[in-house]
Amino acid sequence: MALHFDTSVRNSRILSVGAYRPARVVPNSEIVDRIESSDEWIRQRTGIETRHIASADESLIDMAEAAATIALRRAGITMEQVSAVIFATITYPYQAPSAATELIVRLGNPKAAAFDISAACAGFCYGVALANDLVRAKTAEYVLVIGGEKLSDFTNPDDRATAFIFADGAGAVVIGPSDEPRIGPTMWGASAESRDAILMHPSWLDYKKADTRESAAWPDIAQQGQTVFRWAVYEMAPIGLKAIAAAGLQPEDLAAFIPHQANERIIDSLARSMKLPESVQIARDIRTTGNTSAASVPLAMDALLSSQPELHGKNALLIGFGAGLVYAGQVVELPPLPTK
Ligand SMILES: CC(C)(COP(=O)(O)OP(=O)(O)OC[C@H]1O[C@@H](n2cnc3c(N)ncnc32)[C@H](O)[C@@H]1OP(=O)(O)O)[C@@H](O)C(=O)NCCC(=O)NCCS
């Protein structure tokens, strides 16, 4: 027998964004000696000049709480009004319970639906896709989406392939109902035949007893840089173009391009391949933030809006891609200029 309930859908939008960057700024010069590298090489090959690294007593949840608190204030929404929290991360040091449940306790609404998603650097864009559908289908009224990482706990400072790339931070958005469609359809998928290209190997026996990276063998992230680079450059531009078309737009209708901040050469190559016009502002947060995986897109969004407030309320293409290899992209209307 068919069920009887309201099956109508509504529109949704990003109401606000919030960001948290740890206070400690680490320049390339602090990293290069251990990996026989140079400031010049890192800048030329990746665009990175500095990154933020959390202190030993600053947790992933501390960073997420700070970013979420700003996003909630800017949206004018209390935590009691949030019915679901989606936390994208690969660096929460427990398989269960989730980072999202720790966060809702901290934020004072331990009754909200809460879960984590493991989609690495695509995690935030996966979260936007899920939150959009939850709001559209009326499963949730307001959804808090967090992308947060403490990658410094999982990066070997002596690994020449990763030590200069990864960094820490958290970003958050509040997604809620809208009069008009302001989040476009998500183009997502995987190239899982290359799932070995980025790996984090846990050594749980040591790891679960350890309080800090220094006190035991923590899992380290490892990557085949060139495999990831080629995949991103060749495969992500068509996904971006599909996301623009699915939103009913042309590249010239965009005001901004906010891709995952993995490597500035990847960012430039994608913009060229998609033939984005000069008028499209490109997020280059990687220069001072490094690669913060799931946090990178919301951090880059916040930085772009801070430096160019005229972009509030304009359309931006988001694309996240990373370990899996997985990806997701969508066009969104950037949140309005906050009044609080
Ligand atoms: C990691 C990355 C910057 C490396 O750049 P690359 O141009 O592919 O570097 P390669 O590994 O081909 O090495 C090129 C040269 O630089 C050298 N090199 C490698 N790492 C180096 C380092 N940290 N410092 C200085 N030199 C380095 C290599 O020895 C090699 O030297 P050679 O030409 O004399 O043999 C690049 O592959 C990349 O950004 N990939 C994408 C990674 C990514 O985005 N990961 C996150 C997932 S979302």
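**Entry 1: the overall layout**

Into which domains is the protein divided? I started here, keeping in mind that the model is predicted. I found domain 1, covering 11-178, and domain 2, covering 187-333. I then looked up the C-alpha centres of domain 1 and domain 2, and they lie 13 Å apart. The contact takes 47 residues from domain 1 and 48 residues from domain 2.

Next I checked the side of domain 1 that touches domain 2. The elements giving two or more residues to that side are strand E1 (11-20), strand E3 (50-52), helix H4 (123-136), strand E6 (142-150) and strand E7 (168-178). I sorted this side of domain 1 by class and noted 25 nonpolar, 14 polar and eight charged residues.

**Entry 2: the ligand**

Where does the shell around the ligand lie relative to domain 1 and domain 2? Both domains give residues to the shell, so it lies between them. I noted 19 residues around the ligand, and the ones that come nearest are Ser37, Gly225, Phe229, Ala262 and Asn263. Helix H1 (39-46) and helix H6 (225-246) are the elements that give two or more residues to this shell. H6 supplies the largest share, four residues. By class, I wrote down nine nonpolar, eight polar and two charged residues for the shell around the ligand.

**Entry 3: helix H4**

I came back to H4, one of the elements on the side of domain 1 that touches domain 2. Does its length fit what a helix of 14 residues should span, or does it disagree? At 1.5 Å a residue, H4 should span 20 Å, and its end C-alpha atoms are 20 Å apart, so the two values agree.

Then I asked how many of the 14 residues of H4 are buried. The answer is 12, so to speak a mostly covered helix.

Is Asp133 buried or partly exposed? I counted 16 other C-beta atoms within 10 Å of Asp133; a buried residue needs 20 or more and an exposed one has 12 or fewer, so Asp133 is partly exposed. I also looked at Asp133 together with Ser293: they are 160 residues apart in sequence and 23 Å apart in space, C-alpha to C-alpha. Just after H4, I noticed that Lys138 takes a positive phi of about 65°.

**Entry 4: strands that pair**

A reminder to myself: strands of a sheet pair through backbone hydrogen bonds, either parallel or antiparallel.

In what order do the five strands of the open sheet come? I read off E8-E14-E13-E11-E12, with mixed pairing. Strand E8 (187-190) and strand E12 (281-282) are the edge strands, and each pairs on one side only. Between strand E11 (residues 256-259) and E12 I found two bridges, and these strands run parallel. Phe257 stands opposite Ile282 in E12.

My last stop was strand E9 (residues 198-201), which four bridges join to E10; the two run antiparallel. Leu199 has Ala222 in E10 as its bridge partner. Which residues make up the covered face of strand E10 (residues 220-223)? They are Ile221 and Gln223, whereas Asp220 and Ala222 form the uncovered face.

Notes
Residues numbered from 1 in each chain as written. Predicted model: local features only at pLDDT ≥ 70, side-chain atom pairs only at ≥ 80, totals over all residues. Near = placed C-beta within 6 Å. Nonpolar A, V, L, I, M, F, W, Y, C, P; charged D, E, K, R; others polar. Domains from an automatic or database assignment. Contact = placed C-beta atoms within 7 Å. Expected span 1.5 Å × (residues − 1). Pairing = 2+ DSSP bridges.
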